[in-house]
Amino acid sequence: MPQPPHVSRLPVPDTASLDADLQKYFRKCQEKLGLVPNVLRAYAFRPARLRNFISLYNELMLSEGSGLSILEREMIAVVVSSCNRCYYCLIAHGHAVRELSGDPQLGEMLGTNYRVAPLAPRQRAMLDFAHQLTTAPESIGEADRQALRDVGFGDADLFDISEVVAIFNYSNRMAQALDLMPNPEYHAMHR
């Protein structure tokens, strides 16, 4: 059964109506990914915010200035999205986990119950923190931060983990509020 055919419940601008810089970015996505992620198409409803979203996403998730691997950041995205039951992000970032890990089952394990995944202690502690920060943020204390330090994370890593968790809680809320649908292609990629 296919998912609903819409991208968003709000209008999605035609790519040709966007400013040249955004058209260029969408072409780059199409060339590199084989698609323009629907979240970008939906954010085109507010072009200035789309630019901010692109900048923040690229810095947070793709930059080399973090002690977290890109795979670890994507793993956090999936666990947060699982807690929030965000269909869009589970599908899109589950695909990224499959691609980056080379493991077609890892994305589903993280999305369904990350505790069943055979993870290194570092990744387990990271995902435990992400889960707790998403489901019981008021309970985070020094012992939780220390648990990350105990498996080798530094303060900059703790900041990065927290920011990825926070951004995906925000992104999940946007995706759910707008009823964003993931690109259908994600379902079959890297299986």
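Rings of Phe, Tyr and Trp (its six-membered ring) pair if their centres lie within 6.5 Å; planes under 30 degrees apart count as stacked, over 60 as edge-to-face and the rest as tilted. By this rule, there are two aromatic pairs. In the pair of Tyr43 and Phe53, the ring centres are 4.4 Å apart and the planes meet at 20°, so this pair is stacked.

This is a predicted model, where local features need pLDDT of at least 70 and side-chain atom pairs count only at pLDDT 80 or more, while totals for chains, interfaces and linings use all residues. Residues are numbered from 1 along each chain as its sequence is written, and side-chain values use heavy atoms, with hydrogens and water left out.

## Aromatic cluster

Helices are DSSP runs (H or I, at least four residues), numbered from the N terminus. Tyr43 sits in helix α2 (residues 38-43) and Phe53 in helix α3 (residues 47-62), so their pair ties together parts that are ten residues apart in sequence. Both Tyr43 and Phe53 are buried. Here buried means under 20% relative accessible area, exposed over 50%, and partly exposed in between (1.4 Å probe, protein chains only). The areas come from the Shrake-Rupley method with a 1.4 Å probe; for residues, only the protein chains shown count as cover.

Phe53 also pairs with Tyr57. This pair is stacked, at 6.2 Å centre to centre and 20° between the planes. Phe53 and Tyr57 both belong to helix α3, four residues apart, about one turn of the helix. Phe53 has a relative accessible area of 15%, so it is buried. Tyr57 reaches 24%, so it counts as partly exposed. Tyr43, Phe53 and Tyr57 make up one aromatic cluster.

## Salt bridges

A salt bridge is a side-chain nitrogen of Lys or Arg within 4 Å of a carboxyl oxygen of Asp or Glu. The structure holds eight salt bridges. Three of them are tabulated, among them the bridge of Arg51 and Asp21.

| Salt bridge | N to O distance |
|---|---|
| Arg51 and Asp21 | 2.7 Å |
| Arg145 and Glu142 | 3.0 Å |
| Asp155 and Arg149 | 3.0 Å |

Arg51 is partly exposed, at 28% relative accessible area. Asp21 is partly exposed too, at 41%.

Arg145 has 26% relative accessibility and counts as partly exposed. Glu142 has 43% and counts as partly exposed.

Asp155 bridges to Arg149. Asp155 counts as exposed, at 53% relative accessibility. Arg149 is partly exposed, with a relative accessible area of 29%. Salt bridges with shared partners join Glu142, Arg145, Arg149 and Asp155 into one network.

## Positive patch

Lys24, Arg27, Lys28 and Lys32 form a positive surface patch. Patches take residues with over 30% relative accessible area and no salt bridge, joining like charges within 9 Å and nonpolar side chains (Val, Leu, Ile, Met, Phe, Trp, Tyr) within 5 Å. Lys and Arg count as positive and Asp and Glu as negative; His and the chain ends are not counted. The place of a charge is NZ of Lys, CZ of Arg, CG of Asp or CD of Glu. Lys32 is part of helix α1 (residues 20-33). Lys32 has 66% relative accessibility, so it counts as exposed.

## Positive phi and a buried arginine

Arg85 has a phi near 55°, a positive value in a residue other than glycine. Arg85 lies in the loop between α4 (70-84) and α5 (87-101). At 71% relative accessibility, Arg85 is exposed.

Asp179 is not a glycine either, yet its phi is positive, at about 55°. Asp179 is found in the segment after α9 (155-178). Asp179 counts as partly exposed, at 25% relative accessibility.

Is Arg73 buried or exposed? Arg73 has 2% relative accessibility, so it counts as buried. Arg73 lies in helix α4. From C-alpha to C-alpha, Arg73 and Thr112 are 17 Å apart in space, and they are 39 residues apart in sequence.

Key
Helix = DSSP H or I, 4+ residues; strand = E, 2+ residues; numbered from the N terminus.
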